[in-house]
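Dear colleague,

I am passing on the structure we spoke about, together with some notes on what turned up when I went through it. Please have it open beside you as you read.

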Amino acid sequence: MPRCPPRSGLHLHGLAHDPELLQRAMRRIEDEAARMHTMVEDLLLLARLDQGRPLATEPVDLGHLAEDAATAARLLDPNRPITVHVQGQVFALGDEDRLRQVLGNLLNNALHHTPPETPVSVTARPLPGNTVELTVTDQGPGMPPTPPAASSNASTAPTKRAPPPAAAPASA
């Protein structure tokens, strides 16, 4: 009988003798651990926001962030082609933890809402005007078009632009 508690549990359930069942059980454990990690991160974010803590604004290496997020996504879906394109050194001022969370959410959406083995790419690149772009793109079929009235997604509702701020009076 194995001495390691997780292995002894697998042995008691007969999984230690069936490699396919063992692999499925381990994948399920990994999926649940990732889900729990996300929930804990979300709860920590809510706690921080409740405390009124401002978001951090420090230089963030978006290329490194893109590589890390892609590596994590590859662990969740090893058969999925995930590429990273970083054009030079790409830094932005921001909250690294929140940017990491947003990027992870976008990649998880691509993994869960596209057919298996659909290519996904993460791109970080500088843009003119001292700005940068960080994108997650998949080659999936996309969402079917739906009439606005049939959609329950609030983001499809028409929005109004805020009027431009009034010009300050010129001083004499």
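**Salt bridges and their surroundings**

With a relative accessibility of 23%, E32 counts as partly exposed, whereas R28, at 53%, counts as exposed. Please bear in mind throughout that this is a predicted model. The two residues form a salt bridge with each other, in which the closest N and O atoms are 3.0 Å apart. Both E32 and R28 belong to helix α2, which covers residues 19-50, and they are four residues apart there, about one turn of the helix.

The D68 and R100 side chains also meet in a salt bridge, at 3.3 Å from N to O. This pair links distant parts of the chain, since D68 sits in helix α3 (residues 62-76) and R100 in helix α4 (residues 96-112), 32 residues apart. D68 has a relative accessible area of 29% and is therefore partly exposed, and R100, with 30%, is partly exposed as well.

A further salt bridge brings together the side chains of R80 and D77, at 3.0 Å from N to O, and here both R80 and D77 are buried. Salt bridges with shared partners also join R28, E32 and R35 into one network. In total, the structure holds seven salt bridges.

**Overall layout and confidence**

The secondary structure of the chain consists of four helices and five strands, and from the N terminus on the order of these elements is α-α-β-α-β-β-α-β-β. Of the 172 residues in the chain, buried residues make up 20%. Among the contacts with a separation of 6 or more, 66% are between residues 24 or more positions apart.

Where is the confidence lowest, and where is it highest? The lowest mean, 51, belongs to helix α1 (residues 5-12), and the highest, 96, to β2. Over the chain, the mean pLDDT is 78, and 75% of the residues reach 70 or more. Over residues 151-172 the pLDDT is below 50, and beyond near neighbours in sequence this stretch has two contacts in the model. Where pLDDT is low, the predicted coordinates should not be read in detail.

β2 (82-86) and β4 (120-127) pair in the parallel sense over five bridges, and H85 stands opposite T123 of β4. β4 is also joined to β5, by eight bridges, and these two strands run antiparallel, with L127 standing opposite T131 in β5. Three residues lie between β4 and β5 in the hairpin that they form, and G129, in the turn, has a positive phi of about 80°.

In soluble globular proteins, nonpolar side chains tend to be buried together. In this model the largest nonpolar core has 18 residues, and those with the most contacts inside it are L62, I82 and L107. At least two residues of this core come from each of α3, β2, α4 and β4, and α3 gives the most, with six residues. If residues up to four places away in sequence are not counted, L107 touches A69, A70, A73, V120, V122 and V136.

**Two further residues**

Is Q101 buried or exposed? This residue of helix α4 counts as buried because its relative accessibility is 17%, which is under the 20% limit used for that word. The side chain of Q101 is joined to that of R98 by a polar contact of 3.1 Å. Leaving aside neighbours within four places in sequence, Q101 is in contact with D42 and L45.

M143 lies in the segment after β5 (131-138), and with a relative accessible area of 77% M143 is exposed. M143 and T114 are 29 residues apart in sequence, while their C-alpha atoms are 9.9 Å apart in space.

With best wishes

Terms used
Residues are numbered from 1 along each chain as its sequence is written. Side-chain values use heavy atoms; hydrogens and water are left out. A salt bridge is a side-chain nitrogen of Lys or Arg within 4 Å of a carboxyl oxygen of Asp or Glu. Buried means under 20% relative accessible area, exposed over 50%, partly exposed in between (1.4 Å probe, protein chains only). A nonpolar core is a set of buried Ala, Val, Leu, Ile, Met, Phe, Trp, Tyr and Cys residues joined through side-chain atoms within 4.5 Å. Contact means heavy atoms within 4.5 Å. A polar contact is a pair of N or O atoms within 3.5 Å; within protein, one must be able to donate a hydrogen and the other to accept it, and residues adjacent in sequence count only if both atoms are side-chain atoms. Two strands pair if DSSP finds at least two bridges between them. pLDDT is the predictor's confidence in each residue, from 0 to 100.
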